[in-house]
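The following paragraphs walk through a two-chain model by way of its contacts. Please look at the sequence and structure before reading on.

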Amino acid sequence: MTDRHDELHDDALGALLRASAPDRFDAGFSGRVLTRRRAEEQSWAAGLQRQFFRVVPLAAAAALLLASMNWWSARSSHASVIDAALNLPQVSLATAYASSSYYASPDSATQMP
Amino acid sequence: MTDPRPDDELLALARRGDERAFAALVERYEGVVAATAIGMLGRGDDADDVGQETFIRFHRSLDRFRGEASLKTYLAHIAMNLSLNALRSRRRTLLRFSGGDDAVADALEPGAGPAGETDAAELKRVVQHAVTALSEKHRAVVVLRMFQDFSTRETAQMLGVPEGTVLSRLSRAMQELQTRLAPYVRDGFLPTPMETTR
């Protein structure tokens, strides 16, 4: 009798618990989720932008420094400022032939004028 | 109005960036996540925050979700883990300053009992407070087994404990709830589905 009584109480308690389960957040929950998701997405993009702007001045400064060093080391030659800054080698007809003979096979090199 | 399209279709659309499909999934599974988060943390900002975070994490893992578990199980699992983390964090900061069972004691005052003019919403609040007053381990089992109707095996998997542990914890939790909610259970004061609000 007691067991049966307890069983009935368990069933009643189970029913009470099931009926009392929370089934909703406060109104507008899905809107809050979407807003938060968008904000997170934007903050990611903004973070990427911040990183970009942090790196750009450093990269520009490094490029300028390298260009200055190149120009300084080539200042005695007759290269233009651009060629010197970019450390471009001077190209003439003679050096062009020389470089093609360097890459060409020994046979083809002998056939050159 | 609820979206009639099946989960698979909504998932495929959400993966392609369809925000309305994702919103439809949020609305469809809000109840599952609410039962877990509010059941574990009580109604309030913490539970709402856990609910939002659950769906944010779900969105991040849309491409990885392959449907091995049902969406309900998957979301309840995330919500349970986040709720347990929130409880640990709350315990570290707030719980040492509060009395713990005061809210339940207040809710179970005679004025709020079945003899008074307690409505269904009030009764739900009382029951939810009684569940919130259980220890963390007992509460987790009640939330998953009784609130959400997960099987013992599913509950054990989600909590990472043996099935026997789930059963023993459930038994102890039910005994404790039986004591706390005796007046409501004895008088057969049950909310009907139409009466229930939250």
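**Contacts between and within the chains**

Leaving aside residues up to four places away in sequence, Glu30(B) touches Asp23(A), Arg24(A), Phe25(A), Phe29(A) and Phe55(B), where contact means heavy atoms within 4.5 Å. Glu30(B) sits in helix H2 of chain B, residues 19–41; helices (H or I, at least four residues) are DSSP runs numbered from the N terminus. Glu30(B) counts as buried because its relative accessibility is 6%. Here buried means under 20% relative accessible area, exposed over 50%, and partly exposed in between, with a 1.4 Å probe and protein chains only.

This is a predicted model, in which local features need pLDDT of at least 70 and side-chain atom pairs count only at pLDDT 80 or more, while totals for chains, interfaces and linings use all residues. Residues are numbered from 1 along each chain as its sequence is written, chains are lettered from A and ligands numbered from 1 in the order in which they are written, and side-chain values use heavy atoms, with hydrogens and water left out.

The interface can be taken as a whole next. In total, 46 residues of chain B are in contact with 27 residues of chain A. The size of an interface is often given as the accessible area lost when the parts come together. Chain B and chain A bury about 3500 Å² between them, 61% of it on carbon and sulfur atoms; buried area is the accessible area (1.4 Å probe) that two parts lose on being put together, summed over both. Between chain B and chain A there are eight salt bridges, a salt bridge being a side-chain nitrogen of Lys or Arg within 4 Å of a carboxyl oxygen of Asp or Glu. On the side of chain B that touches chain A, at least two residues each come from H2, H3, helix H6 (120–132), helix H7 (136–147), H9 and helix H10 (182–186) of chain B. H2(B) gives the largest share of that side, 13 residues.

Which residue of chain A forms a salt bridge with Glu19(B), the closest N and O atoms being 3.1 Å apart? The partner is Arg37(A). Glu19(B) lies in helix H2 of chain B and Arg37(A) in helix H2 of chain A, so this pair joins two chains. Arg37(A) is buried at 10% relative accessibility, and Glu19(B) is partly exposed at 24%. The side chain of Glu19(B) also meets that of Arg38(A) in a salt bridge, at 2.9 Å from N to O.

Over all chains the structure holds 15 salt bridges. One of them joins Glu53(B) and Arg57(B) at 3.0 Å, N to O. Both residues lie in helix H3 of chain B (residues 45–60), four residues apart, about one turn of the helix. Glu53(B) is buried, with a relative accessible area of 15%, whereas Arg57(B) is partly exposed at 39%.

Another salt bridge is formed by the side chains of Arg153(B) and Glu163(B), at 3.6 Å from N to O. Arg153(B) is in helix H8 (residues 152–159) and Glu163(B) in helix H9 (residues 163–180) of chain B, ten residues apart, and the pair links distant parts of the chain. Arg153(B) is exposed at 54% relative accessible area, and Glu163(B) is partly exposed at 37%.
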